[in-house]
Amino acid sequence: MKKLWNAFKALRQLGWDELRPYLNYQLKLRFGWLKRHTPPFTYQEAAQDSGELHLPLVPLPNLGYFRALLDTQDVALIEEADQIVAGLVHLYGGDLQPLQFASPPDGQPWDHWTKYTTSQLDGVDIKDVWEPARFGWATVLGRAYLLTKEESYAETFWAQTESFLAENPPMLGPQWASGQEVALRLIALCFSAGLLCEAESSTQARKTLLAGVIAAHAQRIPSTLEYAQGQNNNHLLSEAVGLYTAAAALPDHPQAAQWQETGWHWLHHALQTQIAPDGTYIQHSTNYHRLMLQNALWAKRVAEDQLTHFPPETLRPLAAATRWLLALLDRKSGGVPNLGGNDGAYILPLSASPIEDFRPVAQAAGQAFLNHTPLPPGPWDEMTLWLGGTPADPDEFEETPTVPDLLCLKGERSWGYLRAATFSHRPAHADQLHLDIWWRGMNIAADPGVYRYNGAPPWHNPLDTTAFHNTTTLNQQPQMTKAGRFLWLDWADAQVLDTNEDEHGRLTWAVAEHNGYRRFNARHRRTVSVEGDRWTVRDQVFPLNENKKSKDAKLCLHWLLPDLPWSLENGVLRLTTEQGDIVCQVRASAGSPVYSLVRAGESLYGEQEVPTTRGWFSPTYAHKHPALSLAVCLHAPLPATITTTFELGG
């Protein structure tokens with residue numbers, strides 16, 4: 001009955017226009033339409049009509065300038081390329097792992113891709129199957145070859161590509177199950193192979209084979225493009241860019257004109273509809289925000305090489321999206337709040353910086369969409385060399401506010417982001433009024449991230465709920481109704497009530513509240529202020545009907561803090577760092593607060609039985625690190641207030 005009720009609510013709250021493409025996709029999948037319209041063939045057959053392969057798609061940089069720009073980063077680039085030659089890669093930007101592509105079980109051939117549309121393959125997270133096949137590692141080999149002309153880098157690219165192709169014929173197996181995965185692989189192959197055109201290993205036979213590979217990938221995407229249109233998120237954008245890329249690489253292919261037209265149309269439709277006026281991306285995720293900007297940067301660069309330009313209607317939202325990212329960028333570390341979904345997507349990792357460093361994309365997007373470089377020179381500049389392109393004409397833009405609704409407060413050596421969103425598209429996390437705090441490049445109060453979407457229980461996207469974010473939970477319930485692994489209903493909307501700036505124009509005080517607890521006749525209001533590096537956070541939960549007597553409610557305030565040496569006494573948690581102590585004190589206006597501290601699923605103080613998912617921070621997909629999870633709970637009638645102070649450095 002609960003599932004039926006949630007299905008009814010999903011139809012009512014999401015609307016038929018959003019559900020219809022998904023239902024059409026399911027019908028086509030279950031009744032065999034998709035299987036009949038994507039029959040298997042060979043790469044050699046696809047190459048017969050492909051015509052000449054046009055690579056590279058973006059101009060190659062001057063070698064001397066490339067070397068000078070890399071400076072000491074060339075050592076890291078060559079070291080990573082040597083690791084790939086040895087068969088090791090940094091999947092999701094994490095630790096080294098063997099570079100392996102999934103093989104059919106029991107040595108049998110793969111079935112048609114429509115048999116592999118679930119989230120796991122033989123008990124393995126499907127994303128672990130897809131990630132090596134995104135070919136992000138190939139961009140490292142291409143750049144290292146361009147720098148050194150070392151033939152082993154080119155040969156490794158071709159050998160690994162041929163190994164993948166031998167195991168994954170067109171339309172067979174899990175690597176063809178997602179149109180977005182097909183598109184991302186197509187983009188990475190075109191970029192990487194474009195850097196290797198002059199290598200001895202890049203024989204004409206291999207180039208001809210690659211032409212067939214690109215054609216096969218482009219022929220797969222349109223079959224599920226309607227589903228991507230219904231999703232109206234990174235799937236649609238990536239698949240549009242994939243089609244546009246294929247048309248540029250195979251201009252003589254019989255379907256090239258259709259690929260180009262379709263890709264160009266949906267690319268600009270996506271960018272013009274998925275980015276809000278304040279620059280927020282539709283998926284409410286910093287990782288997917290970067291994916292969106294990289295897709296746009298690549299497509300813009302390819303288009304400009306063909307003397308085609310993005311229209312102002314697309315450049316305006318991209319400028320706003322760039323400002324949004326810069327507002328959330330920690331300039332010292334390059335980190336950003338770990339907001340929303342995070343599948344580790346970094347489709348063109350054109351930098352030796354770690355995956356958590358967003359400065360490469362911010363710098364490239366600043367040049368491409370803001371007409372200036374927003375960051376000083378540094379190792380993050382390489383991506384600008386590849387994707388920055390020609391700066392847009394500033395006369396095409398109207399003056400817009402810098403991100404008026406983004407609550408970024410500034411301290412002396414610290415800053416914070418108070419999340420207060422109004423949703424027009426499905427939210428990824430139930431995280432209203434979450435507060436991120438950064439100090440001297442350290443993420444002091446952090447968003448937990450994701451870890452895994454498709455892991456074995458309990459690791460099937462558990463960190464998206466309210467209790468694991470830096471906010472308040474009422475009656476042990478999230479702010480919204482969880483109706484599926486990626487679906488929240490009864491959306492909680494936030495409202496900014498007041499803000500204040502200091503004499504330097506820095507935001508130092510903000511008040512916001514959300515309506516996620518209206519079912520309990522309550523609202524949550526948060527006031528955040530900063531003076532120097534002293535942060536004060538006041539959480540108030542009020543009854544909606546102040547004339548109605550309130551029953552006792554259970555309030556729980558949560559903070560996710562760094563894994564540091566600690567002491568906790570009388571509600572005061574002290575963390576020790578080389579740059580000074582972090583002192584966190586939590587007080588309640590009523591009742592007897594109960595304190596608990598958890599690390600990596602184990603209780604350190606207070607509660608003895610805690611969920612194994614508590615006390616973790618996931619910087620990128622499939623990787624998690626221990627963190628300190630401080631929770632303060634109390635039973636009290638409403639209104640009730642919990643006040644937290646952070647003293648950073650003393």
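Here is a short tour of this structure, stop by stop.

**Before you click**

You're looking at a predicted model, where local features need pLDDT of at least 70, side-chain atom pairs count only at pLDDT 80 or more, and totals for chains, interfaces and linings use all residues. Residues are numbered from 1 along each chain as its sequence is written, and side-chain values use heavy atoms, with hydrogens and water left out.

**Colour by confidence**

Colour by pLDDT, the predictor's confidence in each residue, from 0 to 100. The protein averages 93, and 95% of the residues score at least 70. Now select residues 396–401: the pLDDT there is below 50, and the stretch has ten contacts in the model beyond near neighbours in sequence. Contact here means heavy atoms within 4.5 Å.

**Select Ser-414**

Ser-414 sits in strand S6, residues 414–418. Strands (E, at least two residues) and helices (H or I, at least four) are DSSP runs, numbered from the N terminus. Is Ser-414 buried or exposed? Ser-414 is buried, since its relative accessible area is 4%; buried means under 20%, exposed over 50%, and partly exposed in between, using a 1.4 Å probe and protein chains only.

Show what surrounds Ser-414: leaving out residues up to four places away in sequence, it touches Trp-438, Trp-439, Gly-532, Asp-533, Trp-535 and Leu-648. With Trp-535 there is also a side-chain to side-chain polar contact, at 2.9 Å. That term covers a pair of N or O atoms within 3.5 Å; within protein, one must be able to donate a hydrogen and the other to accept it, and residues adjacent in sequence count only if both atoms are side-chain atoms.

**Hop to Arg-426**

Arg-426 is in the loop between S6 and strand S7 (435–439). Its relative accessibility is 18%, so Arg-426 counts as buried. Its side chain makes a polar contact with the side chain of Gln-231, at 3.4 Å.

**Find the cysteines**

How many disulfides does a search of the whole structure find? One, a disulfide being a pair of cysteine sulfur atoms within 2.5 Å. Select Cys-556 and Cys-633, whose sulfur atoms are 2.2 Å apart. The link is right-handed, with 115° about the S-S bond. It joins distant parts of the chain, 77 residues apart: Cys-556 in strand S16 (552–561) and Cys-633 in strand S24 (628–637). Both cysteines are buried.

Finish at Cys-190, which is in no disulfide. The sulfur of Cys-197 is 10 Å from the closest cysteine sulfur, in Cys-190, so it is too far for a bond. Cys-190 is buried at 1% relative accessibility, and Cys-197 is buried at 17%.
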